[in-house]
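Please open the model in your viewer and keep the sequence panel beside it. The tour goes from one selection to the next.

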Amino acid sequence: MTKEKLIFAEKLRNYISRYGINDFNEEHLKKVGLSLGELKKNFINRQDIVKTILEYERKCFEDIFSEYNFEGWNAIDIMLIVSNEISNRFFEISPAITITLSKVFSDIFEEHLQLRSNFIFEKIKINIEKGMKQGMYKKDVSSEMIARMYIAKLNDIHNPEIYPPEGFTFATIFTTLIDNVVKNITNEEGCAYYKQRKQLYRVLNFR
């Protein structure tokens, strides 16, 4: 994705969060720094716009891993850092916007979910196997099973019937998800370390 496309995607997500995707109004577009002329010049149709927005969302998620060098880190610290970064960047990857897209462009959205799930699956597997080697996670944990369960729970965040947007914040849901995953995979030493480090990160982030 080009730098220009990234800028458009960010502005378009802002537009959709305010006005939806059913109509691109010139007056409304101006409020987010866009114009109909720019959309016609850079996008073939609404499907092209949606694909760009979802690619942007995946990139924002993947950037968390590319911006940090986790080589040599404790697996639990990695989990906490990623959780914290996702919470801090919730608007960039917030399901409140993609829920709208999923209803209108279900095929494109399903492809997006699959691509994102494949990426997360590999990262979770790596983390679990690292934690087992470091003596923080239970030895009998199946990295594949936990990764699949994690993805299923993560995808549930997109379901407004399970988590109505007016009742749950993205950060709260995601933090709870991480807590439950860690609780299931850590041994006694890992659980104690997680509680200690979580408290430290909370203080450092003024939470």
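Begin by selecting Y15 and Y19 in helix α1 (residues 3-19), which lie 4 residues apart and are therefore separated by about one helical turn. Bear in mind throughout that this is a predicted model. With a relative accessible area of 0%, Y15 is buried, whereas Y19, at 27% relative accessibility, counts as partly exposed.

A search of the whole structure finds 7 aromatic pairs. In the pair of Y15 and Y19 the ring centres are 5.0 Å apart and the planes stand at 55°, so this pair is classed as tilted.

Now move to F61 and F119, whose ring centres are 6.4 Å apart and whose planes stand at 85°, so that the pair is edge-to-face. This pair links distant parts of the chain, since F61 belongs to helix α4 (residues 46-67) and F119 to helix α8 (residues 106-133), 58 residues apart. F61 is buried, its relative accessible area being 6%.

Finally, select helix α9 (residues 143-156) together with helix α10 (residues 170-185), which pack at an angle of about 160° with their axes 11 Å apart. The two helices, α9 and α10, are therefore roughly antiparallel to each other, and their crossing is right-handed. To see the contact itself, display I146, Y150, K153 and L154 in α9, which meet F174, L177, I178, V181 and I185 in α10. By class, this contact of α9 with α10 comprises 8 nonpolar, no polar and 1 charged residues.

Key:
Residues are numbered from 1 along each chain as its sequence is written. This is a predicted model: local features need pLDDT of at least 70, side-chain atom pairs count only at pLDDT 80 or more; totals for chains, interfaces and linings use all residues. Side-chain values use heavy atoms; hydrogens and water are left out. Axes are lines fitted to C-alpha atoms, for helices over the stretch in contact, and angles run from 0 to 180 degrees between N-to-C directions. Angles under 35 degrees count as roughly parallel, over 145 as roughly antiparallel, 65 to 115 as roughly perpendicular and the rest as oblique. A crossing is left-handed if the near helix is turned anticlockwise from the far one by less than a right angle, and right-handed if clockwise. Contact means heavy atoms within 4.5 Å. Ala, Val, Leu, Ile, Met, Phe, Trp, Tyr, Cys and Pro count as nonpolar, Asp, Glu, Lys and Arg as charged, and the others, Gly among them, as polar. Rings of Phe, Tyr and Trp (its six-membered ring) pair if their centres lie within 6.5 Å; planes under 30 degrees apart count as stacked, over 60 as edge-to-face and the rest as tilted. Buried means under 20% relative accessible area, exposed over 50%, partly exposed in between (1.4 Å probe, protein chains only).
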